[in-house]
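The sequence and the structure are shown first.

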Amino acid sequence: AWPTDYFIYDGTEKTITATVTNAVGSDVVAVKTYANNKKTNAGTYMAEAVELTNANYTVVGGTNISHEWKIEKKDREITLQETFEMNYSITDRGSIVFKYTGEEATFTVVSKDESVAMVGTTTPNMVGTSHGGEIEVIPIAGGNTEFVVTVAESTNYKAISRTFMISILATLISTVLGTLF
């Protein structure tokens with residue numbers, strides 16, 4: 001019998017073992033050698049009992065000597081400020097730093113309304129001990145839009161998307177009109 005067949009990736013080696021359940025009388029029998037029963041990375045594997053400790057028993061022709069098991073990819077987290085606010089300016093740019101958990105992966109940033117703000121350069125970088133990036137915000141007009149940051153799936157981590165609000169504050173320009181007589 002194979003008691004465990006599901007793990008979530010955490011960077012440590014996972015081991016799956018079997019128990020011999022058909023020993024006769026007081027015979028002591030255990031699995032001595034396995035194939036593919038120790039793994040670290042996320043994936044689906046097929047473990048196999050190869051050799052037993054008691055010479056009177058064999059795995060040849062046995063049942064349940066192989067067992068499929070899995071290490072699931074871990075969920076990622078993205079950390080960034082929920083809202084970002086800046087004044088509208090033709091020349092100024094805003095900057096937002098974010099970080100994500102897990103292995104390095106590609107990421108994309110998309111503005112849902114480019115008539116308010118566009119995504120400029122997105123620069124990957126390390127933020128402390130985490131992976132992350134810096135997003136350049138290019139204001140186009142006053143208003144609100146959402147930016148969506150998506151980090152791709154990697155060997156051991158799932159993909160994730162996170163949405164945050166961008167507010168561009170329009171600068172009010174007053175003009176005083178005079179009348180000449």
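Is glutamate 82 buried, partly exposed or exposed? In this predicted model, glutamate 82 has a relative accessibility of 47% and counts as partly exposed, because exposed residues have values over 50%.

## Salt bridges in the structure

Side chains of opposite charge can pair when their charged atoms come close. Eight salt bridges are found in a search of the whole structure. Three of them are described here, including the one formed by glutamate 82.

## Arginine 162 and glutamate 82

The partner of glutamate 82 is arginine 162, and the closest N and O atoms of the two are 2.0 Å apart. Arginine 162 is partly exposed, with 22% relative accessibility.

Glutamate 153 pairs with lysine 73 in a salt bridge whose closest N and O atoms are 3.2 Å apart. This pair links distant parts of the chain, 80 residues apart: the loop between β13 (143-151) and β14 (160-169) holds glutamate 153, and the loop between β6 (66-72) and β7 (78-79) holds lysine 73. Glutamate 153 is exposed, at 52% relative accessible area, whereas lysine 73 is partly exposed, at 23%.

A further salt bridge joins lysine 158 to aspartate 75, with 3.2 Å between the closest N and O atoms. Lysine 158 is in the loop between β13 and β14 and aspartate 75 in the loop between β6 and β7, so parts 83 residues apart in sequence are tied together. Lysine 158 has 34% relative accessibility and is partly exposed.

How values were computed: Residues numbered from 1 in each chain as written. Predicted model: local features only at pLDDT ≥ 70, side-chain atom pairs only at ≥ 80, totals over all residues. Heavy atoms only, no water. Salt bridge = Lys/Arg side-chain N within 4 Å of Asp/Glu carboxyl O. Helix = DSSP H or I, 4+ residues; strand = E, 2+ residues; numbered from the N terminus. Buried < 20%, exposed > 50% of the residue type's maximum accessible area, 1.4 Å probe, protein only.
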